[in-house]
Amino acid sequence: MDGYVGPVADASLSEPDPPVVSRAADRSIHQLFETQAALTPDAIAVVHGGRSLTYAELDARANQLARVLQELGVRPNALVGICVERSLEMVWGVLGILKAGGAYVPLDPRYPPDRLQHMLEDSKPELVLTQSSLIPTLAVTAAELLILDAESQPAVCDPAGNIPGSDRPRSSGDLLYVIYTSGSTGRPKGIVMPHRAMVNLIEWHRRALPARSGERVLQFAALSFDVAFQEMFSTLCVGATLVLLDEWMRTDIAALAGLIASQRISRLFVPPLMLQTLAEYFTSSGVAPPPCLTDVIAAGEQLRVTPAVVSFFASIPDSRLHNHYGPTETHVVTDLTLSGNPAEWPALPCIGRPIANTQIHILDERTQPVPSGALGEIYIAGANVACGYLNRPELTAERFVEDPFVGESGRLMYRTGDIGRWREDGT
């Protein structure tokens, strides 16, 4: 798990966002949340159905859990599995793991047993947080189970106050999560992501796509996908409200549209295919898109601006569509924002420019830069590069290679395998 790339000077053929000038790079994700919780303790942090928690309440629940985890032996960089349904417990479970010093390993209860077994055998978590209804799902693990059901919460003295020492700077190599790839091209790989990489993402998000306190953001992605991290912490680190949906709503488009309207969702992260489905629903049903929805972030596959998408955004004044690109090995590394008249948006938008403290290189088979306009493989360097693959040193060495463009040994860049080209406008 060595080889994390910290922030470096921006240097690429495009004109990226300016570097984030902040001490936040020396902090952890949960410390960013703690700072926000102290600023807005009474604001609603998370909502699910008829339940909700303020920032102070969420912080206290996470602190309580973190103390339990530490008593059970969780130490810095320990891997802790979390296998839960969408719930308030999911959110304080993740925060509690981070506050205890651990890194979370999301285990989707809907995965086939053999996939769950592989993930558990590969990551060997010290503990797995779960709910009583999911205990049969985890029969494949020998790890100790800690039940997160609200009525089963352990009694801990003095749950208020952050974990001692949590205000100290974290090492750049401290681990945040291990998220497994889909396995569509072979055995699922665990990607080891450090705090500093994702602090860079959240700090960029706060500057480039700021959510205001009181805004409501839908948590759509499954926890086992890295977008769920972005949904959660780009919300909880700015004082906005995270709204959880029930799993069945992800495939019931009418119910999803109704939830967006009834919960006054202003920000939505969805794959392009789901955006197209939503746009077609509003076009065919005659139901007007909710005016509260002002920012839609699409990622995970090629974005297409179809006539239905144009009609959808034309119906919402001042709405914007954001195209994000980045593999799980780096999370988001480029951004394009489409605003103004949707009829003038390109049908196949580009993936935009690098985010802050990130470099994109387009290289040939000799790892040399190709001319502007020529095709080459996309390599990603800078702050958002993961540590590598868990327990896969050979594959890590193959895909995380030394960056020859920074003049410093030990800096790595990630070979995506994707093909791209620089456009004349620097995107």
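**Reading a helix pair and a residue**

Analyst: In this predicted model, helix H5 (residues 195-208) packs with helix H6 (residues 226-236) at an angle of about 55°, and their axes are 10 Å apart.

User: What describes two packed helices in general?

Analyst: Two packed helices are described by the angle between their axes and by the distance between the axes. The crossing of H5 and H6 is right-handed.

User: Which residues make the contact of H5 with H6?

Analyst: H5 contributes Met 198, Leu 201, Ile 202 and His 205, while H6 contributes Phe 229, Gln 230, Phe 233 and Ser 234. Sorted by class, the contact of H5 with H6 has 5 nonpolar, 3 polar and no charged residues.

User: Let us turn to a single residue. Where is Asp 295 placed, and is Asp 295 buried or exposed?

Analyst: Asp 295 belongs to strand S12 (residues 295-298). The relative accessible area of Asp 295 is 5%, and the cut-off for buried is under 20%, so Asp 295 is buried.

User: Which side chains does a polar contact join to that of Asp 295?

Analyst: The side chain of Asp 295 has a polar contact of 2.6 Å with that of His 322 and a polar contact of 3.5 Å with that of Thr 294. Leaving aside residues up to four places away in sequence, Asp 295 touches Leu 209, Ser 266, Arg 267, Leu 268, Arg 320 and His 322.

Methods. Residues numbered from 1 in each chain as written. Predicted model: local features only at pLDDT ≥ 70, side-chain atom pairs only at ≥ 80, totals over all residues. Heavy atoms only, no water. Helix = DSSP H or I, 4+ residues; strand = E, 2+ residues; numbered from the N terminus. Buried < 20%, exposed > 50% of the residue type's maximum accessible area, 1.4 Å probe, protein only. Polar contact = N/O pair within 3.5 Å; in protein donor to acceptor, adjacent residues only side chain to side chain. Contact = heavy atoms within 4.5 Å. Axes fitted to C-alpha atoms, helices over the stretch in contact; angles between N-to-C directions. Left-handed = near helix turned anticlockwise from the far one by under 90°. Nonpolar A, V, L, I, M, F, W, Y, C, P; charged D, E, K, R; others polar.
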